Amino acid sequence: MAVVGALVAVTGIASGASASADPRPGLEYVNLGDSFSAGSGVSPIIPSQPLPCWQSGANFSHIVAAELGYRLTDVSCGGAKTDDFYRAQYPGTRPQLEALTPTTELVTLMIGGNNNDTFAGAMASCIGAMVLHPGAFDPCRAQYGNSLTAPILTKTYPALVTALHDIHAKSPRARVLIAGYPLLLPASGSCAPQMPIAEGDVGYLRDLQTTLNDAVKRAAEATDSTYVDMAQASEGRDGCKPVGQRLVEPMIFANQPVPVHPNADGERALANQVMAAIGQ
């Protein structure tokens, strides 16, 4: 997911199930999704992929495939929405679901944060609210209330369910793992200047992300897919934390060209949670 400027094996981490057998070395593996899945901003960028996708050779799917010996087809692309599973997102790309085959045995994905402009739109709205109401504690919450989270429940969740059903239909043998998003913000407290939003809106945006991750989890449960919980794995390692501790980069003073997205440590953490979920 593109956010502002580039603008996004342990018990209890993964939940859900799949009817297929456990993945094995050499299996056919497809990765789908948005910029969190693509590792946008993490070096090295794969030159054979369309440049706007900003797909990294060190994203979590490449780590998983390299360590477990899987045959990876990665069509993740920065800015992707669930609509881009069914249409060409950019010139030189195909609908992401076209990468799936009846013989695909493992599918991973991260998707939903760009639907309805959820992450980028909310961040921009809250920055704007702070600029218009300097000194206010939670101007974004006061101005927008539940209006930023409502589309997650009414539009994003059903779109996720449909997409996951369609993935299973195209690859009925595959285990399907959908990861939630690592935490961008702490539960409370100021995050300035790294994240230029009012102190009271830090928790407001954190609640929005929790709502999105819950929608992803419920969609996984509704479609016999496996949910990979990145909130627990990233607690205390959000974009407001120091270099070396954080798993995602802040908006200001980011150490990579795509801010508010997982860094290399974040993609490694994603890979670890995915491998834990598939029992490796």
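Here, a residue counts as buried under 20% relative accessible area, as exposed over 50%, and as partly exposed in between (1.4 Å probe, protein chains only). The model is a predicted one, in which local features need pLDDT of at least 70 and side-chain atom pairs count only at pLDDT 80 or more, while totals for chains, interfaces and linings use all residues. Residues are numbered from 1 along each chain as its sequence is written, and side-chain values use heavy atoms, with hydrogens and water left out.

Taking a disulfide as a pair of cysteine sulfur atoms within 2.5 Å, the count comes to three. Numbering the bonded cysteines along the chain gives the pattern 1-2, 3-4, 5-6.

Start with C53 and C77, whose sulfurs sit 2.0 Å apart; the link is left-handed, at -85° about the S-S bond. C53 is in the loop between α1 (35-38) and α2 (60-68) and C77 in the loop between β3 (71-74) and β4 (106-110), so the bond ties together parts 24 residues apart in sequence. (Helices are DSSP runs of H or I, at least four residues, and strands are runs of E, at least two, numbered from the N terminus.) C53 is buried at 3%, and C77 is buried at 2%.

Next comes C126 with C140, at 2.1 Å S to S and left-handed at -75°. C126 belongs to helix α3 (residues 118-132) and C140 to helix α4 (residues 139-144), so the pair ties together parts that are 14 residues apart in sequence.

That leaves C191 and C240, with an S to S distance of 1.6 Å and a left-handed -105° about the S-S bond. C240 is buried, with 15% relative accessibility, and C191 is buried at 1%.
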